[in-house]
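Here are some questions and answers for someone meeting this structure for the first time. Please look over the sequence and the model before reading on.

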Amino acid sequence: TAVGPSSGALDVAAGDTLQLLVVTDGVTISGQTVVPQAPGLALVQRGQEQVIVWSRVPGVSHYSVWASAISPGLVQTDTEFVVPPRKPSSSPGVYTFTISALDANLAAYVVSKPLLRSGISAGAGVFGAVGVDSIAVTIP
């Protein structure tokens, strides 16, 4: 369901099935994806390490982990992430870590290089969805 006149935004929730149909110049491109649940994050202390943990999301094999100025974006299968020490060029403070549960289409596209397309019947690119959660972590 579109939100607002010509906004292009979609009102979607975890578990929703999204379908794509594009017809242009006689070519039909179709695709389908299911929106994953958000991972549900918690911060635990293990000795000197801070660890972000989450439960495995049904139907999800890969997770994207990202935090500005602390951790480069990476894709992993584990359901925990050890918070790295602060870079010398960064200031102590609160940093937001974002974990995204990647649907099967997006996971295949990101992990299987090179892959021309995933989740679509023709053309190049990906039609996928993510479930996203964030957590604030204080790094001294």
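Q: In which sense do strand β6 and β9 pair, and over how many bridges?
A: In this predicted model, strand β6 covers residues 49-54, and two of its residues have partners named in β9: Val 53 is bridged to Glu 80, while Ile 52 is bridged to Phe 81. The pairing of β6 with β9 is antiparallel, and the number of bridges is 3.

Q: How many of the 6 residues of β6 are buried?
A: A residue is called buried when its relative accessible area is under 20%. By that cut-off β6 is mostly covered, and the number of its 6 residues that are buried is 5.

Q: Is Ser 118 buried or exposed?
A: Ser 118 lies in strand β11, which holds residues 117-118. Leaving aside residues up to four places away in sequence, Ser 118 touches Asn 105, Ala 108, Tyr 109, Gly 125, Val 126 and Phe 127. Its relative accessible area is 8%, and because buried means under 20%, Ser 118 counts as buried.

Q: Against which strands do the buried residues of α1 pack?
A: Helix α1 spans residues 104-111, and among its residues Asn 105, Leu 106 and Ala 107 are buried. The strands against which the buried residues of α1 pack are β4 (27-34), β7 (62-67), β10 (93-102), β11, β12 (125-126) and β13 (130-139).

Q: Is Val 111 buried, partly exposed or exposed?
A: Val 111 belongs to helix α1, and together with Val 75 and Val 110 it makes a nonpolar surface patch of about 180 Å². Its relative accessibility is 42%, and because partly exposed covers the range between under 20% for buried and over 50% for exposed, Val 111 counts as partly exposed.

Q: Which pattern of strands and helix does the protein follow along the sequence?
A: The secondary structure comes to 1 helix and 13 strands, and the helix, α1, takes up residues 104-111. Read along the sequence, the pattern is β-β-β-β-β-β-β-β-β-β-α-β-β-β.

Q: What percentage of the 140 residues of the protein counts as buried?
A: The C-alpha trace spans about 60 × 35 × 30 Å along its principal axes, and the accessible surface comes to about 8100 Å², with 55% of it belonging to carbon and sulfur atoms. Of the 140 residues, the share that counts as buried is 33%.

Note on methods:
Residues numbered from 1 in each chain as written. Predicted model: local features only at pLDDT ≥ 70, side-chain atom pairs only at ≥ 80, totals over all residues. Heavy atoms only, no water. Patch = residues over 30% accessible without salt bridge, like charges linked within 9 Å, V, L, I, M, F, W, Y side chains within 5 Å. Areas by Shrake-Rupley, 256 points an atom, 1.4 Å probe, with all protein chains shown as cover. Salt bridge = Lys/Arg side-chain N within 4 Å of Asp/Glu carboxyl O. Helix = DSSP H or I, 4+ residues; strand = E, 2+ residues; numbered from the N terminus. Buried < 20%, exposed > 50% of the residue type's maximum accessible area, 1.4 Å probe, protein only. Pairing = 2+ DSSP bridges. Contact = heavy atoms within 4.5 Å.
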